[in-house]
Amino acid sequence: MRRAADPERRPLERADVAQFLERATRALERHRELLDRLDAALGDGDHGENMATGFRAVIDALPAMPERDLGALLRSIGQVLVASVGGASGPLYGTAFIEAGFALGAAERLDTNRVADALEAGVRGLARRGRCAVGDKTILDALEPAARAFRAAVNDGAAEDGALVRAAWAARAGMRSTTPLVARRGLALRLGERSRGHQDPGATSCFLLVRAMIPSRRAAGAAEPAIPARNEAPGHDTGEPAS
Ligand SMILES: [Mg+2]
């Protein structure tokens, strides 16, 4: 794709959303077993399979989705996620995309402020749909700090890529913060105190999605967050190393 003189300030377009979806789907497929394993400890062990299947369905449906209207595009993506991601995560992620889409109206190009608006609308939608708050050991524990870090970076004058890297690091910290928490929503509720010591699978998939927003041209040499290696997280299985 042809880029403007300052690529970091180039507004986001449909092609960027499509590339995000490709990176997100690859990341979910690569970490499918990890997500299933995390979900086996707290839920029913299918989060990786559900997410990989649902995002593959979005990729398959993408050619028939709106061409330029990014709000309508995100709403279409959300509807496919609601229909295609099994378990509670479909309605939660789906609602986040749908609400982000409503926040964008019919915009065809997004600057960083609009991206921040979309992330914040996604946070509000997910919190409302899941009736959850930060600290409940859910997707929101990664998504809310990511949206907050992105907005703060934009307010600091950061360009898109830098703001996304900061958001991904915040999502990673939020993901890891779920390990000592007792679950207050979802299937893990039934475990009570025994839900402590396990990283939340939804917060983990959310970290992967936020990190997938970083354009791949940054991949070489950029300080991007990785899934923690086993030796960084004693006492529970967080699986794979970088990427
Ligand atoms: Mg499940």
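## Reading the helices

The expected span of a helix is 1.5 Å times one less than its number of residues. Helices (H or I, at least four residues) and strands (E, at least two) are DSSP runs, numbered from the N terminus. This is a predicted model, in which local features need pLDDT of at least 70, side-chain atom pairs count only at pLDDT 80 or more, and totals for chains, interfaces and linings use all residues. Residues are numbered from 1 along each chain as its sequence is written.

## The chain as a whole

Welcome to a protein chain with 9 helices and 0 strands. Of its 243 residues, 48% count as buried (20 or more other C-beta atoms within 10 Å of a residue's own, with C-beta atoms placed from the backbone; 12 or fewer is exposed, and in between is partly exposed).

## Helix α5

Helix α5 covers residues 89-104, 16 residues in total, and spans 23 Å from its first C-alpha to its last, close to the expected 22 Å. Because 14 of those 16 residues are buried, α5 is largely enclosed by the rest of the structure.

## Where α7 meets α9

Two packed helices are described by the angle between their axes and the distance between the axes. For α7 (residues 140-155) and α9 (residues 201-212), the axes come within 7 Å and cross at roughly 35°; these axes are lines fitted to C-alpha atoms over the stretch in contact, with angles running from 0 to 180 degrees between N-to-C directions. On the α7 side, the contact (C-beta atoms, placed from the backbone, within 7 Å) is made by Asp141, Ala142, Leu143 and Ala146, and on the α9 side by Ala203, Cys206, Phe207 and Val210. These residues divide into 7 nonpolar, no polar and 1 charged (Ala, Val, Leu, Ile, Met, Phe, Trp, Tyr, Cys and Pro count as nonpolar, Asp, Glu, Lys and Arg as charged, and the others, Gly among them, as polar).

Leaving out residues up to four places away in sequence, Ala167 touches Ala146, Ala149, Phe150 and Val210.

## A loop residue, Met65

Met65 sits in the loop between α3 (47-61) and α4 (70-84). Met65 counts as partly exposed because it has 19 C-beta neighbours inside 10 Å. Beyond its neighbours within four places in sequence, Met65 is in contact with Leu73 and Ser76.

Note on methods. Contact = placed C-beta atoms within 7 Å.
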